[in-house]
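Have the structure open while you read.

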Amino acid sequence: MSATDYSGRWPSSGKGAKVDDDAPRVILLRGSDVKPEPIDWLWPGWLAAGKLHLIGGQPGTGKTTIATALAATVTIGGRWPDGSHAARGSVAIWSGEDDAADTLAPRLLVAGADMRRVHLVSGIREKGRRYPFDPANDTALLADALADIPDVRLLVVDPIVSAVSGDSHKNAEVRRGLQPLVDLAQQHHCALLGVTHFTKGTAGREPVERITGSLAFGALPRLIVVAAKQDADKDTPARRVLLRAKSNIGPDGGGFVYDLSQAPLPDTPTIEACRVSWGDALVGNARDLLAEVERHDDEREEQRDAADWLRDVLEPCPMPVKDLKRQADESGFAWRTVQRAMRRAGVESRRGGFGQSATWRLASRATTGTVAPVTPHGEFGANGTTDASEAHICPHCDGEGCPCCRQRTAPSLHAESGDNGGNKP
């Protein structure tokens with residue numbers, strides 16, 4: 001493939017100015033000289049040689065475990081989650097968060113990796129001293145080291161944000177920081193997989209927009225996958241999903257269910273490590289599939305908050321439902337959410353008398369509360385004096401007593417008449 005070099009054809013000043021052969025030159029490729037090439041897929045539709053990929057998600061979704069499982073598949077020429085075969089090759093892994101001996105190696109072993117084809121980036125040695133590898137500054141040295149591994153097919157960088165020495169929220173600095181790694185992947189024709197996180201408070205947005213840092217983290221990769229988990233509750237079993245959120249080089253959407261579990265190492269059963277078990281394929285776009293998983297988590301979180309709110313509100317005393325509804329609305333809770341949180345909060349409902357609203361109270365108060373002393377007395381009703389048995393009862397606690405009930409110290413509302421026609425205090 002030939003190139004046209006236009007450097008120096010237009011002298012900066014004067015005709016016949018001498019061309020500096022050492023000056024920077026722009027290299028242009030004529031379109032007719034470019035030979036089309038197919039994408040070299042390690043995993044068709046999911047991992048491509050010479051391309052940058054990201055795997056993102058919330059903490060605890062097993063992103064690094066997934067990355068090590070994919071690496072193990074490459075080393076043994078195993079099967080991908082969709083059942084297709086992987087071509088065997090070597091892998092290189094750098095992690096700035098997990099230890100090689102007690103985390104990375106055990107996870108690779110429990111995934112069945114051929115450890116002879118695994119190369120863990122453990123540091124830099126220079127002039128007799130050793131220091132940590134820094135992907136923001138040492139990518140050129142890593143490229144030299146990978147030159148000695150002719151069959152390297154996958155490079156994992158965890159976390160990918162460490163490759164950016166400047167502000168990871170600035171587009172230009174992120175692109176400048178990631179470009180050396182992208183060039184390395186192209187040079188060695190290996191897939192580059194970076195591990196990253198979701199930004200907090202971004203549920204419901206497009207998955208690519210949730211990747212932490214600058215928008216360049218979502219723009220520069222050719223393919224982005226996201227991991228999410230749904231905790232179990234009484235209605236829904238626990239589930240984890242890996243979804244294809246973006247692809248500039250193939251189809252997007254779809255994904256796979258997966259599970260994480262602890263398993264003993266084959267030759268060292270006293271050591272256990274986390275491993276991935278792949279499940280059914282998923283169909284649909286990543287945003288909808290992700291929303292389906294996270295909606296259950298959001299609902300559970302809302303119910304937990306509503307239960308805490310209920311306990312706080314009802315701790316002083318029981319409360320009529322109509323008042324509770326008003327306070328729930330003022331506090332930003334949907335009444336349906338509050339109703340669903342009743343059992344979690346330990347709240348019970350008691351029906352009021354004729355024309356009265358039902359009352360909610362903590363079940364613990366019903367079993368441990370004491371009955372407040374009430375002084376029997378008559379009361380003027382609509383038709384005159386009532387008997388003491390018809391005396392006023394607190395509508396909040398039915399006479400059991402509560403801090404906001406004045407029955408504990410309520411005096412007689414009027415004097416009772418004596419037999420001698422006099423007044424008795």
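Is Asp 114 buried or exposed? Asp 114 counts as buried, at 14% relative accessibility; here buried means under 20% relative accessible area, exposed means over 50%, and partly exposed is in between (1.4 Å probe, protein chains only).

A word on the ground rules. This is a predicted model, so to speak of local features we need pLDDT of at least 70, and side-chain atom pairs count only at pLDDT 80 or more, while totals for chains, interfaces and linings use all residues. Residues are numbered from 1 along each chain as its sequence is written, and side-chain values use heavy atoms, with hydrogens and water left out.

**Salt bridges**

Side chains of opposite charge can pair when their charged atoms come close. With a salt bridge taken as a side-chain nitrogen of Lys or Arg within 4 Å of a carboxyl oxygen of Asp or Glu, a search of the whole structure turns up eight. Among them are these:

| Pair | N to O distance | Relative accessibility |
|---|---|---|
| Arg 153 and Asp 40 | 3.4 Å | Arg 153 16%, Asp 40 27% |
| Arg 116 and Asp 114 | 3.1 Å | Arg 116 73%, Asp 114 14% |
| Arg 311 and Asp 308 | 2.6 Å | Arg 311 30%, Asp 308 39% |

Take the Asp 40 and Arg 153 salt bridge. This pair ties together distant parts of the chain, 113 residues apart: Asp 40 sits in the loop between strand 2 (27–28) and strand 3 (41–43), and Arg 153 is in strand 10 (residues 152–158). Strands here are DSSP runs of E, at least two residues, and helices are runs of H or I, at least four, both numbered from the N terminus. Asp 40 is partly exposed, whereas Arg 153 counts as buried.

Arg 116, the partner of Asp 114, counts as exposed. The two also belong to a network of salt bridges that links Asp 114, Arg 116, Arg 117 and Asp 151.

Arg 311 and Asp 308 are another story: they're three residues apart in helix 6, so about one helical turn separates them. Arg 311 is partly exposed, and Asp 308 is partly exposed as well.

**Leu 290**

Helix 6 (residues 286–314) also holds Leu 290. Skip its neighbours within four places in sequence, and Leu 290 is in contact (heavy atoms within 4.5 Å) with Phe 198, Pro 207, Arg 210, Ala 228 and Leu 243. From Leu 290 to Ala 245 it's 9.5 Å, C-alpha to C-alpha, with the two lying 45 residues apart in sequence.
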